[in-house]
Every structure is written in C-alpha cells, then in structure tokens.
Amino acid sequence: MKNLLVCILLLVFTIPVLGNTKIPIQITNISDGDTVKAKIDKNEFKIRLVGIDCYETCKIHRAYKQAYENKLNIDDVMRNGKLSKHYLQNLYEINKNKNIYLEFKGVDVYGRVLGVLYFDRINVNEEMKNHGGCMLYEF
C-alpha cells in the first residue's frame, strides 16, 4: 500500500512538470520564414521551426533545389521566401508583447534548436504552414 501511495504521489507531481515543455524565450531576429534567433537570459541560439519548410530568401544551394522541385525560377523562390519572412515578421510584431514560448523538440545536425514556436496560444509553425507560404517538412 505504501508503494502504491508513493507511485501515485510521483505521478501527481511529475506529470504536470513533464507535460509543460513550453520554455519562455525572447525573439532577437527573424532569419527567414522557418528560422529565428532567440535568447534565454543572455544565451542566444537559432531555432528551426519543425514541420515546415519555407522558401529561401537568397541564392543558395537549397534555393536552387526548391526551384527545381517546385518548377519555379530562382527569382520566384526568393520572392516567396521574402514573403514568408515578412509574414512571420508581421505575426511577431502583432504578438511581440505577448508571452513567447518554444516547445523544444531536439537539436539538428547544424546545432539549431528544433521546436514549435508559440506566440501566447498561437502555434506559429501551424500558422506559417497555413498562411505563411511554407510547405510541410519532415526531419
């Protein structure tokens, strides 16, 4: 009976802690539609929004690959990338005085934090996928 009570107490006190994976952050820069810089205290890091892939904003290898895969010219890719970035910047400006959270999902091979970004209750990743010109992306 004592062991059962200990297990129940552990569950009651650990489930809320484990369930809350949202970490308060500050956005310091928006690189493009799916990458931002953020900080916690004085530690700055890059966040790659999981589940989406936005067009690139400059002529890098990935931009040419996106152009080829989507049957676009490189200028259209960059224009779409700038529109995605602009959409995210506007979304941030509207919500920058609200609570901003990161739901941590891991770290990628480039050292970027992978996660879901929230502006209060708005799931930014979903918002970008639905309205910001981003495509679905599986890591």
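Predicted model: local features only at pLDDT ≥ 70, side-chain atom pairs only at ≥ 80, totals over all residues.

Trainee: Does Ser-84 count as buried or exposed?

Mentor: The term buried means under 20% relative accessible area, exposed means over 50%, and partly exposed lies in between (1.4 Å probe, protein chains only). Ser-84 has a relative accessibility of 1%, and therefore it counts as buried.

Trainee: Which residues does Ser-84 touch, not counting residues up to four places away in sequence?

Mentor: A contact here means heavy atoms within 4.5 Å. With residues up to four places away in sequence not counted, Ser-84 touches Gly-33, Cys-54, Met-128, Gly-132, Gly-133 and Cys-134.

Trainee: Which residue does a disulfide join to Cys-54?

Mentor: A disulfide is a pair of cysteine sulfur atoms within 2.5 Å, and a search of the whole structure finds one. The S to S distance in this disulfide is 1.8 Å, and the partner of Cys-54 is Cys-134.

Trainee: How many residues apart are the two cysteines of that pair?

Mentor: The pair links distant parts of the chain, with Cys-54 in the loop between strand E5 (52-53) and helix H2 (61-69). Cys-134 sits in the loop between helix H4 (124-131) and strand E9 (135-136), and the separation of the two is 80 residues.

Trainee: Is the disulfide of Cys-54 and Cys-134 right-handed or left-handed?

Mentor: Cys-54 is buried because its relative accessibility is 1%, and Cys-134 is buried because its value is 9%. The torsion about their S-S bond is about 55°, so the disulfide is right-handed.

Trainee: Which residues of H2 are buried, and where on the helix do they lie?

Mentor: The buried residues of H2 are Ala-63, Gln-66 and Ala-67. Seen down the axis of H2, they fall within an arc of 100°, so they line one face of the helix; the arc is that of the directions from the helix axis to the C-beta atoms. On the other side of H2, His-61 and Tyr-68 are exposed, whereas the buried residues pack against E5, H3 and E9. The names asked for are thus Ala-63, Gln-66 and Ala-67, and they lie on one face of the helix.

Trainee: What is the angle between the planes of Tyr-92 and Phe-119?

Mentor: Rings of Phe, Tyr and Trp (its six-membered ring) pair if their centres lie within 6.5 Å, and planes under 30 degrees apart count as stacked, over 60 as edge-to-face and the rest as tilted. By this rule the count comes to one aromatic pair. Tyr-92 and Phe-119 form a tilted pair, 5.9 Å centre to centre, and the angle between their planes is 55°.

Trainee: Where in the chain are the two partners, Tyr-92 and Phe-119?

Mentor: Both Tyr-92 and Phe-119 are buried. The pair links distant parts of the chain, 27 residues apart, with Tyr-92 in helix H3 and Phe-119 in strand E7 (residues 113-119).

Terms used:
Residues numbered from 1 in each chain as written. Heavy atoms only, no water. Helix = DSSP H or I, 4+ residues; strand = E, 2+ residues; numbered from the N terminus.
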